[in-house]
Structures are given as C-alpha cells and as structure tokens.
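Colleague: Please put the model up on the screen. I have a list of things to ask about it.

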Amino acid sequence: MHNAATHENYKRYFHDLFYEDGSWQPFAAAVSRITKVCKDRNVPMVAVLFPIFTFPIDRNYPFIDIHAKISQLFLEKGVPLLDLLESYHGLSPERLQVWPGKDSHPGEVAHRIAAERLYLWLVK
C-alpha cells in the first residue's frame, strides 16, 4: 500500500509541475524568454526532452501527456524538439538510471543513447 501511494504521489507531483499554473506558467515564460534571446541574437535553438526513468517506457508510461504538452509549447515557439521517449521504449528503467533505486536521472547508458539519437537528428 505504501509503494502504491508513493508511486501515485510521484506521478501527481510531475503532473502538477506541468499542469498547475504556478509551475507551468514560469516554465512556459522561461521558454519564451530563452527563445526570444536566441532569435534576437540569431542563435539557433533546439530542445531535447528526456523521459522520467522511474517507470517503464512503454504504452503505460504515465507522463506521455506531459511530453505532448511540452512538445506543443516548443512547436508554438518554432523551436525544433527531439523527444527521446521512443528512443528508450522497452528498455529497463534501472539500466537507464544513474543510480538505480536512488537517483533516476539519466545514467551512462541513457546518455549514450541520447547522444547517438541527437547526433543523427542534428545531421538530418
């Protein structure tokens, strides 16, 4: 019961970050400011979106809607976005984490996949 509640709270935390005005608006405003600075200085800008490596990256991944919302924001700003979600589809989250069970940020394997994908995307 504790694990289930913890997982639901974790999901709720990230959904709140991207759906509550108090956190979404500052994020969207920051993207707008960065986009404007780059355009004003004629500096190309691209964005890369990583999934959260706490849950399996499959059709049940709980943050697909957040990826869509972020993708839409960058589309509206005219900023090319590479969403890495599909690049990790079906891979074990533990293999992608920097420190499995303690720190779910992207680790060596996840960064290698991202680097290869980003390189091919930029060349294209």
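Colleague: What do the side chains of E116 and R112 meet in?

Modeller: They meet in a salt bridge, 2.7 Å from N to O. That term is used where a side-chain nitrogen of Lys or Arg is within 4 Å of a carboxyl oxygen of Asp or Glu. Bear in mind that this is a predicted model, where local features need pLDDT of at least 70 and side-chain atom pairs count only at pLDDT 80 or more, while totals for chains, interfaces and linings use all residues. Residues are numbered from 1 along each chain as its sequence is written, and side-chain values use heavy atoms, with hydrogens and water left out.

Colleague: Where do E116 and R112 lie?

Modeller: Both are in helix α5, residues 108-123, and they are 4 residues apart, about one turn of the helix. Helices here are DSSP runs of H or I with at least four residues, strands are runs of E with at least two, and numbering goes from the N terminus.

Colleague: Is R112 buried or exposed?

Modeller: R112 is exposed, with a relative accessible area of 55%. E116 has 42% and counts as partly exposed. Buried means under 20% relative accessible area, exposed means over 50%, and partly exposed is in between, using a 1.4 Å probe and protein chains only.

Colleague: How many salt bridges does the structure hold?

Modeller: It holds 3. One of them joins D40 and K36, with the closest N and O atoms 2.6 Å apart. D40 and K36 are separated by about one helical turn, because they are 4 residues apart in helix α2, residues 21-40. D40 is exposed, at 52% relative accessible area.

Colleague: And which residue does E8 form a salt bridge with?

Modeller: With K11, where the closest N and O atoms are 3.2 Å apart. Both lie in helix α1, 3 residues apart, again about one turn of the helix. E8 counts as partly exposed at 42% relative accessibility, and K11 does too at 22%.

Colleague: New topic, aromatics. How many aromatic pairs does the count come to?

Modeller: The count comes to 10 aromatic pairs. One of them is Y13 with F14, which is edge-to-face, with 5.0 Å centre to centre and 80° between the planes. The rule pairs rings of Phe, Tyr and Trp (its six-membered ring) if their centres lie within 6.5 Å; planes under 30 degrees apart count as stacked, over 60 as edge-to-face and the rest as tilted.

Colleague: Is F14 buried or exposed?

Modeller: F14 counts as buried, at 16% relative accessibility.

Colleague: Which residues do ring pairs link into a cluster?

Modeller: Y10, Y13, F14, F55, Y61 and F63.

Colleague: What lies over the face of W24?

Modeller: K69 does, at 4.3 Å from the ring centre. A charge sits over a ring if NZ of Lys or CZ of Arg is within 6 Å of the ring centre and within 35 degrees of the ring normal.

Colleague: Moving on to S87. Which residues is S87 in contact with, leaving aside its neighbours within four places in sequence?

Modeller: I113 and R117, taking contact as heavy atoms within 4.5 Å. The side chains of S87 and R117 make a polar contact at 3.4 Å. That term covers a pair of N or O atoms within 3.5 Å; within protein, one must be able to donate a hydrogen and the other to accept it, and residues adjacent in sequence count only if both atoms are side-chain atoms. S87 itself is in the loop between β2 (81-83) and α4 (93-96).

Colleague: Last one. What pattern does the protein chain follow along the sequence?

Modeller: The pattern is α-α-β-α-β-α-β-β-α, with 5 helices and 4 strands. Of the 124 residues, 31% count as buried.
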